[in-house]
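I opened this entry to keep track of what I looked up in one structure. The notes follow in the order of looking.

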Amino acid sequence: MAINAWARTPDLRTLAVLFTLCVIPFICGITRAQSLDSRPIRIIVPFAAGSVTDVVLRTVLPSVAQQIGSPVVVDNRAGANGVIGADLVAKSTPDGLTYLMGGAGINAAIPSLVKTLPYDPINDLVPVVRFGMLPFLLLVNTKVPVRNVPQLIEYAKQQPGALAYGTPSSATLVGMETLKRAANIDILGVPYKSSPQAMADLVAGQIQVLIADFPTAMPQVHAGKATVIAVTMAHRSALLPDIPTIGETLPGYDNTAWLGLFAPRGTPAAMMARLSDILTRAIETQDVKKKLAAIGFDADPMPQSAFGPYVVDQIGIWGRLISESGIKPD
């Protein structure tokens, strides 16, 4: 009877052993999770430091660092119109620690501009969250005797091939080639690795025309070193209400880009959803919105559920623009 009673009621030593066997794996699991969470998150910017993609990301990040609970590292990998950085992310381990700060140029236009990419732009990169919309400015060197789009068209027709424009991104390339075809003018395109580099050459007179983002353009405009003659979106900018749109001269013209975050295929859905939520809330705060508006960026976050279909649609839209502009894929 004593033996049966012992079997039914384990002694303290037996309970201790069972407790240890259960608790140690649980504690190790917590420790491992904490260790993973403490590793830095890396966001690849496929353009140079100081580019609008870089500036927008760095404007938003201070508001999300605490919520993420991990250090966030911005890694600039410029080159090949963003393809180098995008390829790096597409081939990264999908552990939720590497992301791409992409946008219309690299994620929507490039698929129609490059014949063979080292990655699949649709299947290898998963949309996480859209940050908002990015208008551009049409600029000329101050020595070019034009102050509006009609004058630029007339000047270019009088001197075919005498003007050159910079192409620091696929979005600006599409914008200029669309303008050229609509106006039936000849302006030579010169490729650049970054918008700041192209802007420096515009100021120096190495090129005469440039489509650039607000953060790159406005310091030079305010300093009197570049002249803005139009905005590229469908409606006038609230920041520059007196500057006409290109569409006021060439009806239907609209070159408005967007920026957003992407992850390598296979990244855990829960991690992407959490990051999407954190970034959306950060972008919608009044302080961040005000800072983004000051650089001409329209904060308009889009959650992952809507951003995925949006990107697919944008690939079709930019593909049509590229085809209509006459650009041949390389």
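The model is predicted.

**Salt bridges**

I searched the whole structure for salt bridges and got 10.

I looked up Arg-320 and Glu-324 in helix α13, residues 304–325. Their side chains meet in a salt bridge, at 3.5 Å from N to O. The two residues are separated by about one helical turn, because they are four residues apart in α13. Arg-320 is partly exposed, at 43% relative accessibility, and Glu-324 is also partly exposed, at 46%.

Next I took helix α3, residues 52–60, which holds Asp-54 and Arg-58. Here the N to O distance of the salt bridge is 2.8 Å. Asp-54 and Arg-58 are four residues apart in the helix, so about one helical turn separates them. I then checked the accessibility of each partner. Asp-54 has a relative accessible area of 3% and is therefore buried. Arg-58 comes to 39%, which means partly exposed.

In helix α8 I found Lys-180 and Glu-177, three residues apart and separated by about one helical turn. Their side chains form a salt bridge of 3.1 Å, N to O. Is Lys-180 buried or exposed? Lys-180 has 12% relative accessibility and counts as buried, because the cut-off for buried is under 20%. Glu-177 has a relative accessible area of 16% and is buried as well.

I also noted a network of salt bridges that links Arg-42, Asp-75 and Arg-77.

**Helix α6**

How many residues of helix α6 are buried? I counted eight of the 10 in residues 104–113, so I wrote the helix down as mostly covered. Among the buried ones are Ala-104, Gly-105, Ile-106 and Leu-113. Asn-107 is on the buried list too.

I then asked what covers the buried residues of α6. The cover includes the helices α5, α8 and α13. It also includes the strands β3 (98–103), β4 (125–134) and β10 (257–264).

**Aromatic rings**

I moved on to ring pairs and found five aromatic pairs. One of them is Phe-262 with Phe-307, a tilted pair with 5.4 Å centre to centre and 55 degrees between the planes. This pair links distant parts of the chain: Phe-262 is in strand β10 and Phe-307 in helix α13, 45 residues apart. Phe-262 is buried, at 1% relative accessibility. Phe-307 is buried with a relative accessible area of 0%.

Which residue lies over the face of Tyr-310? I found Arg-130 there, at 4.9 Å from the ring centre.

**The five-stranded sheet**

I traced an open sheet of five strands, in the order β7-β6-β8-β5-β9, with mixed pairing. Its edge strands are β7 and β9 (226–231), and each of these pairs on one side only. On average, neighbouring strands of this sheet are turned by 35 degrees against each other, direction ignored.

I followed one pairing in detail. Strand β5, residues 136–141, pairs with β9 in the antiparallel sense over five bridges. In this pairing, Leu-138 stands opposite Ala-230 of β9. Helix α8 packs on the sheet and touches β5, β6 (164–167) and β8 (209–213). The direction of α8 makes about 150 degrees with that of β6.

**Positive phi**

Last, I checked backbone angles for positive phi in residues other than glycine. Asn-81 has a phi near 55 degrees. Asn-81 sits in the loop between β2 (72–76) and α5 (83–90). With a relative accessible area of 29%, Asn-81 is partly exposed.

Asn-184 likewise has a positive phi, near 55 degrees. Where is Asn-184 found? I located Asn-184 in the loop between α8 (170–183) and β7 (188–191). Asn-184 is exposed, because its relative accessibility is 63% and the cut-off for exposed is over 50%.

Terms used:
Residues numbered from 1 in each chain as written. Predicted model: local features only at pLDDT ≥ 70, side-chain atom pairs only at ≥ 80, totals over all residues. Heavy atoms only, no water. Buried < 20%, exposed > 50% of the residue type's maximum accessible area, 1.4 Å probe, protein only. Salt bridge = Lys/Arg side-chain N within 4 Å of Asp/Glu carboxyl O. Contact = heavy atoms within 4.5 Å. Phe/Tyr/Trp six-rings, centres within 6.5 Å; stacked < 30°, edge-to-face > 60°. Lys NZ or Arg CZ within 6 Å of the ring centre and 35° of its normal. Pairing = 2+ DSSP bridges. Axes fitted to C-alpha atoms, helices over the stretch in contact; angles between N-to-C directions.
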